[in-house]
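User: Hi there! Could you walk me through this protein with a few questions and answers?

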Amino acid sequence: MIDIHCHVLYGVDDGAPDAETSRHMIDRMAQSGITAVIATPHFRHHMFSYPSGQIRDALDKLRPYAAQKGITLYPGCEYHVSHDIFDHLENGRVHSMADTSYVLTEYSFSDSLDRILNYTQELVMRGWKPVIAHAERYEVFQRSPRLAAEAVDAGAQIQVNADSILGLEGRGTKKASKKFLDLDLVDYIASDAHNLSDRSSHMEECFVYIRKKYGEDSARALFENNPRRILDEIPV
């Protein structure tokens with residue numbers, strides 16, 4: 001499995017608080033069959049500054065340990081979308097997903113469909129491939145999951161959290177994520193893991209659930225084949 005959304009880097013946002021936690025998170029990922037992880041620290045104005053130097057240091061220090069466990073770590077960013085996303089991506093202020101053309105975009109719970117569509121379309125026009133992080137969390141899609149198809153038509157891809165599918169993030173997210181799956185709107189399932197307790201990784205459990213409910217091919221696509229397309233874009 002490949003986890004494209006994870007807060008495993010320590011000391012840079014509300015994810016792993018220290019290196020020991022990061023290593024334990026990596027241990028759990030390896031035990032569950034994960035072989036690659038895109039580390040996606042938050043960037044959000046007035047909340048998460050995305051400290052580039054600390055992110056680079058944490059990544060450099062964790063990569064050898066992860067490699068020993070059979071996991072390749074890649075840089076990324078969960079960008080809470082604002083007007084400066086275009087400049088920050090183009091000038092390298094933040095990492096895209098594994099430094100490819102894919103971008104993990106986050107919105108506020110109450111953001112309108114128009115705002116999501118406008119930023120999606122602008123990113124696509126500039127050559128990026130936006131992936132909407134945990135789309136099942138947004139009010140507009142919880143009210144009407146079918147509206148996510150409009151974001152897909154605008155050029156977005158949809159990522160859903162494993163915990164939402166398993167019902168660990170509440171009824172609203174579970175209901176929306178199930179509808180997305182039934183409508184074949186989901187491109188990726190990721191952990192969005194932050195720690196070892198209340199927001200730990202449940203990728204393996206979710207893989208088993210998806211395989212049982214939707215079949216082996218769907219499980220492989222959502223956890224392996226689709227994420228692999230992102231990594232395949234990395235220059236050799």
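This is a predicted model: local features need pLDDT of at least 70, side-chain atom pairs count only at pLDDT 80 or more; totals for chains, interfaces and linings use all residues.

User: What share of the contacts in the protein with a separation of 6 or more comes from residues 24 or more positions apart?

Analyst: Residues are numbered from 1 along each chain as its sequence is written, and side-chain values use heavy atoms, leaving out hydrogens and water. Contact means heavy atoms within 4.5 Å. Of the contacts with a separation of 6 or more, the share from residues 24 or more positions apart is 75%.

User: Thanks! Is strand 8 mostly covered or mostly open, and how many of its residues are buried?

Analyst: Strands are DSSP E runs of at least two residues, numbered from the N terminus, and buried means under 20% relative accessible area with a 1.4 Å probe, protein chains only. One side of strand 8 has Gln157, Gln159 and Asn161, the other has Ile158 and Val160, and all are buried. Strand 8, residues 157–161, is thus mostly covered, and its buried residues number five of five.

User: Which residue in strand 9 stands opposite Asn161?

Analyst: Two strands pair if DSSP finds at least two bridges between them. On strand 7 (residues 129–132), the pairing with strand 8 is parallel over two bridges, and Val131 stands opposite Gln157. Strand 9 (residues 188–190) also runs parallel to strand 8, joined by three bridges. There, the residue opposite Asn161 is Ala190.

Conventions:
Buried means under 20% relative accessible area, exposed over 50%, partly exposed in between (1.4 Å probe, protein chains only). Helices (H or I, at least four residues) and strands (E, at least two) are DSSP runs, numbered from the N terminus.
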